Amino acid sequence: MKGERKGLILFGSLVGFQGVPWASTYAATKAFIQSFAEGLYWEYKKSGVDVISVAPGPVQSGFGERAGMLMGNAQETRGIAKKVLKNLGKSITIRPGFLSKFLGYSLILLPRFLRTLLLKQIMGKMVFGDKK
């Protein structure tokens, strides 16, 4: 249909902006998604396809339970979806929710080395709890 817009929503993660011990493959995959979305955004901008990368923090998706991870302050999927759709066509990347914004923007001020060390601590607690 003429004038109809289309969108592609890619789910990255806050961990996709640096290496993350205890989640190295996951973080690398999310880094690929972030980079891929940034490239596709500009490739498809004039063709009527909006591309957005979503970089949430913990989400209440069942992932944490299946992975045996402790995920505090997890966001609800419905709230994330509403924010994503509201920003589709307006942003390349969205960090929905307060925690995502706080962590994302506070971490970006640190050198990658320090971000990795900090996320090593956070991810270690999520993966191992108090056992480590």
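Colleague: Leaving aside its neighbours within four places in sequence, with which residues is Asp50 in contact?

Modeller: Contact means heavy atoms within 4.5 Å. By that rule, Asp50 touches Arg5, Lys6, Gly7, Leu8, Leu88 and Gly89, once neighbours within four places in sequence are set aside. This is a predicted model, in which local features need pLDDT of at least 70 and side-chain atom pairs count only at pLDDT 80 or more, while totals for chains, interfaces and linings use all residues. Residues are numbered from 1 along each chain as its sequence is written, and side-chain values use heavy atoms, with hydrogens and water left out.

Colleague: Where is the place of Asp50, and is Asp50 buried or exposed?

Modeller: Helices (H or I, at least four residues) and strands (E, at least two) are DSSP runs, numbered from the N terminus. Asp50 belongs to strand 2. A residue is buried under 20% relative accessible area, exposed over 50% and partly exposed in between, with a 1.4 Å probe and protein chains only. Asp50, at 15%, is buried. The C-alpha atoms of Asp50 and Ile92 are separated by 8.8 Å, although these residues are 42 apart along the chain.

Colleague: In what order do the strands of the sheet stand?

Modeller: Strands of a sheet pair through backbone hydrogen bonds, either parallel or antiparallel. Two strands count as paired if DSSP finds at least two bridges between them. Here, 3 strands form an open sheet in the order 1-2-3, with parallel pairing. Strand 1 (6-11) and strand 3 (93-94) each have a single partner strand and stand at the edges, so one side of each is left without a neighbour in the sheet. Strand 1 pairs with strand 2 (residues 49-54) over 6 bridges in the parallel sense, and Lys6 stands opposite Val49 in strand 2.

Colleague: What is the relative accessible area of Ser53?

Modeller: Ser53 lies in strand 2 and is buried, with a value of 0%. Its contacts beyond four places in sequence include Leu10, Gln34, Ala37 and Ile94.

Colleague: Which residues form the largest nonpolar core?

Modeller: In soluble globular proteins, nonpolar side chains tend to be buried together. A nonpolar core is a set of buried Ala, Val, Leu, Ile, Met, Phe, Trp, Tyr and Cys residues joined through side-chain atoms within 4.5 Å. The largest has 8 residues: Val15, Val20, Ala23, Ala27, Leu107, Leu119, Met123 and Met126. Helix 5 (residues 112-128) gives the largest share of this core, 3 residues. A second, separate core of 6 residues includes Leu10, Ile33, Ala37 and Val51.
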